[in-house]
Amino acid sequence: MGPGLQRALHRVAPSQDTAMHEPAGSVASHWGTTSRSYFYFTTATLAVCLIFAVATIMVLVVQKSDSIPTPPGIFPLKGGNCSEDILCILQRAPFKKSWAYLQVSKHINKTKLSWNQDGIVHGLRYHDGNLVIQFPGWYFIICQLQFLVECPEHSVDLKLELLINQDVKRQTLVTVCESGVQTKNIYQNLSQFLLEHLQVNTTISVKVDKFQYVDTNTFPLENVLSIFLYSSSD
């Protein structure tokens, strides 16, 4: 091989080596870009599929819930009104041998409360402000009253008493309109609960100190007496 040919080959060799290395980097860069694009596309596709699947499941659950009929005599809880919720709970309860739900009467102004005659009384007897037991057993008793006081210049005591056969079994006492406190109107809720074993002809009644403060206008549904037979002795 002549010297001229060797020098020509020597000059060409570096350019061939460079040509061999540069495409490798270019190919790797191109492959990395393609891989990232594929990853982003796959991730986005999976996210869309997941959202669609969750939405489909939620629609099916809602449709199934709406298709379940409400059994007769079963009412959803009202919410936001305690006395109506108590009535709903009683209507949903399995123990219906003896129970009552009464709202206070606004027409009789005396310390012993009277109750509206259009209330629900089942398996008990109502007479002169008293619920009278007809079946012996353990009874759960709930009384709730709402008071409204237009504050005078002195404090006012509000009291709720739950009586069994004229004997006070439970009582709640709250003092409102304390002296020195500038308040025009006071809304006060008082309640009592009692679980008691009662015999036939036992009477249940409720007393307050001052009936004029029982709020029968603003919250008439919040003044209730409720009772149910929890466990029968028969």
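Begin by selecting the open sheet of five strands, ordered β3-β4-β9-β6-β7 with antiparallel pairing; strands are DSSP runs (E, at least two residues) numbered from the N terminus, and two of them pair if DSSP finds at least two bridges between them. At its edges stand β3 (124-127) and β7 (167-176), each with a single partner strand, so one side of each is left without a neighbour in the sheet. Neighbouring strands of this sheet are turned by 20 degrees against each other on average, direction ignored, where axes are lines fitted to C-alpha atoms.

The model is predicted: local features need pLDDT of at least 70, side-chain atom pairs count only at pLDDT 80 or more, and totals for chains, interfaces and linings use all residues. Residues are numbered from 1 along each chain as its sequence is written, and side-chain values use heavy atoms, with hydrogens and water left out.

Within the sheet, select β6 (residues 156-164) and β9 (residues 203-208), an antiparallel pair with five bridges. Leu162 has Val206 of β9 as its bridge partner.

Next, select β10 (residues 224-232), which pairs with β1 (residues 99-103) in the antiparallel sense over five bridges. Here Tyr101 is bridged to Ser226. Strand β5 (residues 137-150) also runs antiparallel to β10, joined by eight bridges, and Tyr139 has Leu229 as its partner there.

Finally, centre the view on Ser226, which lies in β10. Ser226 counts as buried because its relative accessibility is 1%, buried meaning under 20% relative accessible area with a 1.4 Å probe, protein chains only. A polar atom of the Ser226 side chain lies 3.2 Å from the backbone oxygen of Ala100. Select Val121 as well: Ser226 and Val121 are 105 residues apart in sequence, and their C-alpha atoms are 9.5 Å apart in space.

Technical notes:
Helices (H or I, at least four residues) and strands (E, at least two) are DSSP runs, numbered from the N terminus. Axes are lines fitted to C-alpha atoms, for helices over the stretch in contact, and angles run from 0 to 180 degrees between N-to-C directions. Buried means under 20% relative accessible area, exposed over 50%, partly exposed in between (1.4 Å probe, protein chains only). A polar contact is a pair of N or O atoms within 3.5 Å; within protein, one must be able to donate a hydrogen and the other to accept it, and residues adjacent in sequence count only if both atoms are side-chain atoms.
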